[in-house]
Amino acid sequence: MARYIWDFWNIVDLLSYALLVSALFVRHFYIDENFVIARRMFALSLLVMYLRFLEVFLIHRTLGPTLIMIKEMLKDLLNFLILAVFVVLGVGIYYHANLWPDHQTIWNGDWTDWRIWKIIYYPYWQLYGEFNLDTLEGSGSPNCTYSKHEWEADSSLERCPDNDWTVLAVAAIYLLFSNLLLVNLVIAMFSYTFERVQENSEKLWRFQRYTVINDYDWRIPSPINLLFLPYRLCCCPNRDHCCLDWCKEHCNKKDIEKKKEKRKKKLAFRRNFQKIIALRNHNKV
């Protein structure tokens with residue numbers, strides 16, 4: 001059970017099922033004229049299911065190592081995002097404190113109107129080259145207002161930014177640090193991961209191919225698996241002390257003992273083989 005839960009593709013499976021069931025509940029029990037929330041959840045569930053389908057390509061000699069590279073690069077990207085969160089929050093708070101000083105209504109209104117999104121918005125999109133210099137220079141949009149009573153009463157109404165030269169100075173340093181240092185650091189990490197996986201692509205592909213084939217040898221496609229799920233949980237003949245063993249033992253005890261010994265040998269051989277492959281890949285990759 002623990003091995004099933006910690007597998008990446010099984011987590012994607014569970015996520016897609018959870019989103020689908022939640023979307024069905026929202027669709028039938030949450031009364032909405034246009035079913036906006038249910039439509040979004042259905043679309044997200046379909047997106048996750050398409051991503052889950054990528055596991056099939058692990059058995060391909062060319063696409064399999066490519067998917068392994070993407071998976072390893074996602075780990076590098078996660079490490080980068082942990083660093084980027086603190087940088088983005090720090091710069092965003094500085095922007096907000098000087099462009100919109102004394103803004104007390106941070107959590108007012110609907111959650112989509114919270115000011116935390118405005119704090120993250122500008123430094124995050126600057127990572128991709130969207131500088132928003134008009135806002136940083138204090139120009140703002142034509143529909144904004146300087147009246148404190150108006151933007152405090154209506155959280156959806158945009159407040160005009162103030163002009164502060166230090167914001168542009170901090171933005172210049174931040175862009176130099178993020179675009180030249182952090183982004184190139186991620187590219188270097190990706191290059192290292194690519195070379196590391198490419199050197200052992202054949203072994204990794206064979207191991208992943210064995211894992212996928214072994215998994216689908218046991219797996220039953222949905223929704224047919226709903227019929228066999230209670231049988232596998234309670235009366236699976238591949239398990240010891242199965243509910244069918246009592247009947248079989250009274251029919252032919254010798255054959256049952258021989259089958260159990262063969263099954264134990266196969267299971268021990270499979271586990272040792274997986275350990276050897278995993279250790280070799282861990283030491284070389």
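Leucine 175 touches Gln126, Phe131 and Leu180, when residues up to four places away in sequence are not counted; here a contact means heavy atoms within 4.5 Å. The model is a predicted one, in which local features need pLDDT of at least 70 and side-chain atom pairs count only at pLDDT 80 or more, while totals for chains, interfaces and linings use all residues. Residues are numbered from 1 along each chain as its sequence is written, and side-chain values use heavy atoms, with hydrogens and water left out.

Leu175 also belongs to the largest nonpolar core, which has 12 residues, including Val88, Tyr95, Trp100, Tyr122, Leu136 and Val167. A nonpolar core is a set of buried Ala, Val, Leu, Ile, Met, Phe, Trp, Tyr and Cys residues joined through side-chain atoms within 4.5 Å, where buried means under 20% relative accessible area, exposed over 50% and partly exposed in between (1.4 Å probe, protein chains only). The elements that give two or more residues to this core are α4 (63-99) and α8 (165-199). Apart from this core lies another, of 8 residues, among them Trp9, Ile68, Val197 and Leu204.

## The chain as a whole

The secondary structure of the chain comes to 12 helices and 0 strands; helices (H or I, at least four residues) and strands (E, at least two) are DSSP runs, numbered from the N terminus. Of the 285 residues in the chain, 27% are buried. The chain exposes about 20400 Å², and carbon and sulfur atoms supply 65% of this area, which is computed by the Shrake-Rupley method with a 1.4 Å probe, and for residues only the protein chains shown count as cover. Among contacts between residues at least 6 apart in sequence, 65% join residues at least 24 apart.

## The disulfide

A search of the whole structure finds 1 disulfide, a term that stands for a pair of cysteine sulfur atoms within 2.5 Å. It joins cysteine 144 to cysteine 160, with an S to S distance of 1.9 Å, and the link is right-handed, with 95 degrees about the S-S bond. Cysteine 144 lies in the loop between α6 (133-136) and α7 (148-153), and cysteine 160 in the loop between α7 and α8, so the pair ties together parts that are 16 residues apart in sequence. Both cysteine 144 and cysteine 160 are buried.

## Helix α2 and valine 26

Helix α2 (residues 8-29) has 22 residues, which at 1.5 Å a residue should span 32 Å, and its end C-alpha atoms are 31 Å apart, which agrees; the expected span is 1.5 Å times one less than the number of residues. The buried residues in α2 include Trp9, Val12, Leu19 and Val26.

Valine 26 touches Ile37, Ala38 and Met41, leaving out residues up to four places away in sequence. Valine 26 and valine 36 are 10 residues apart in sequence, and their C-alpha atoms are 10.0 Å apart in space.

The buried residues of α5, among them Ile116, Ile119, Tyr122 and Gln126, pack against α4, α6 and α8.

Asparagine 132 is found in the loop between α5 (115-126) and α6, and is buried, with a relative accessible area of 18%. Leaving aside neighbours within four places in sequence, asparagine 132 is in contact with Tyr121 and Tyr122. A polar atom of the asparagine 132 side chain lies 3.3 Å from the backbone oxygen of glutamate 130.

Technical notes:
A polar contact is a pair of N or O atoms within 3.5 Å; within protein, one must be able to donate a hydrogen and the other to accept it, and residues adjacent in sequence count only if both atoms are side-chain atoms.
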